[in-house]
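I opened a new model today and kept notes as I went. Here is what I looked up.

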Amino acid sequence: MEGFHDLLKLLDSMLGGAWWFPYVLLGTGLFFTIYLKFPQVRFFKHAWLVVTGKYDHEGSPGDTTHFRALTTALSGTVGTGNIGGVAFAIFLGGPAALFWMWATAFFGMTTKFVEVTLSHKYRVETADGTMAGGPMYYMDRRLNMKWLAVAFAIATVISSFGTGNLPQSNNIAASMESTFGFDPLVVGSVLGVMLGLVILGGITRIAAVTSKIVPLMAFIYLIGALAVIFANLENIGPAFASVIGDVFTGSAATGGFLGATIAYAFNRGVNRGLFSNEAGQGSAPIAHAAAKTDEPVSEGMVSILEPFIDTIIICTLTGLVILSSGVWKEKHHNVFDRSDMMIVSGAYTDTDESDRQQLYAYINDLDTSEVTPFNGEIQVVNGKAITMGYTLLNARSVAEDVKFTFGEDEDLFTGKLKVVDGGLIKDNIVVSGNSLIHSASLTALAFTKGFFGESGKYIVSVGLLLFAFSTAIAWSYYGDRAMTYLLGPRAVMPYRVVYVFAFVWAAVSDTTLVWTLSAVAIVVMTLPNLLGIFLLRKEMKESVDKYWDDFKKEHKSK
């Protein structure tokens, strides 16, 4: 597992954490925004009217309505990215990460408009009478680039696990354990069985379920978030100021938080924004291909709303809850993930300004850091280290009240622990203490700082359960459509079996490991899609102009 984690870290640095990827993603959205004359602004009102069915035509081909296609696509995006992902972005990049999530959403509204329109235009009717679509079909049928279509479909299968499956299960399990004390394996197993039962029903059942879950939970989540925001109303102004201010200065090392550079906040904010709204990833077009309409651009209009609802509304609520409550830079007792933990030489404290600056430089890989990884042995007696000359960091903070226990029974450990390049060698030692926390656990804690008190965490837990579970359902559909394209219908059932088992496994796996895998998978899927839509830019512009001219003529005559 250690070798696999090292491989993922390498791939993340090359892809998920690559400096160039955010520029490619935002650059594509910016290009189409200007090229199509700001469609996310021009057609925003029209998109809402299309969703209501105002312009539907009787007998249009498809499997589901505009609204159900929207909620199905939203169920694939509104999940851990909105709850755990925002918390993770702020944890990594500070408040500025939220700004870059907004930017990703704004330009992503146009990117999604383009990818959905083109994918819907080249959808096909399968042998069983249902519709199948997605970027692989326009790549194949229009661009005659079978290799690109195959690459995208393979990436979709990978991303169905890295985006729609593993992080969702992991965050549900973590939230259920921290809130209700449920065993993660039990949670994963029960939900795995339910997942298996649901995905056998295909797009019709999925659309019916998600059209009920998404609006209900969005409303409940809104009430819970506003309860925290209004309880901390005096902090909302400073929260917004920190979001904007840190874009230009970076997040300073203050208190428990060791800060983040401008570049790091930009990179992680854009990546988490994409994980949340999936604009450019090419996933939503697969759901929208089932919509009943003979006009692809109209379905593209519907998709404009997704990044707006997902990121600009829901992610902003989560971000304001976390920032206004202040819990994001406070230390809390938790069990340390090995991938979050590092041991450095020397004694440092985050109450000393010079120490904070040195640790800030080390955490952010700056050349000015004099901090080095610790190598040697730590002597532990009854769970407490007595060795001097080292500092244990966890989750970008200096850990306090650290305890070492042995095995699952949490017996206090006594003995020597070998440390190589800042990492413990013994795998069966559990390390706990006070440090920063992140992901869904951070959001759940923030929701307790409002009018609902401790009960607020139940809103997060239940919301995360339903949102994330519906995301896993939607992504199983994306994956099986990709498998159908690659290997035919016979490949769908084996894929679903593996998908369910992976969902169970992720419930008990390393949180940071799962997030790293998701970051890599997203990039692998997104790049072929961005290339494809760019190659069809002229056709897209012609389609939009024709649709809008025809629409104005039709409704002017009425």
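**A helix crossing**

I began with two helices and found that α2 passes α7 in a left-handed crossing (the near helix is turned anticlockwise from the far one by less than a right angle). Helices here are DSSP runs of H or I, at least four residues, numbered from the N terminus. The model is predicted, so local features need pLDDT of at least 70 and side-chain atom pairs 80 or more, while totals for chains, interfaces and linings use all residues. Residues are numbered from 1 along each chain, and side-chain values use heavy atoms, without hydrogens and water.

I looked up the angle next. Helix α2 (residues 21-35) and helix α7 (residues 96-121) pack at about 55°, with axes 8 Å apart. Axes are lines fitted to C-alpha atoms over the stretch in contact, and angles run from 0 to 180 degrees between N-to-C directions. That makes α2 oblique to α7 (under 35 degrees is roughly parallel, over 145 roughly antiparallel, 65 to 115 roughly perpendicular, the rest oblique).

Which residues in α2 meet α7? I noted Leu25, Leu30 and Phe32 among those in α2, and Trp100, Phe107 and Val114 among those in α7. Contact means heavy atoms within 4.5 Å.

**Alanine 87**

I moved on to alanine 87, in helix α6 (residues 80-93). Is alanine 87 buried or exposed? Alanine 87 counts as buried, because its relative accessibility is 0% (buried is under 20% relative accessible area, exposed over 50%, partly exposed in between, with a 1.4 Å probe and protein chains only). Leaving aside neighbours within four places in sequence, alanine 87 is in contact with Ile322, Ser439, Leu442 and Thr443.
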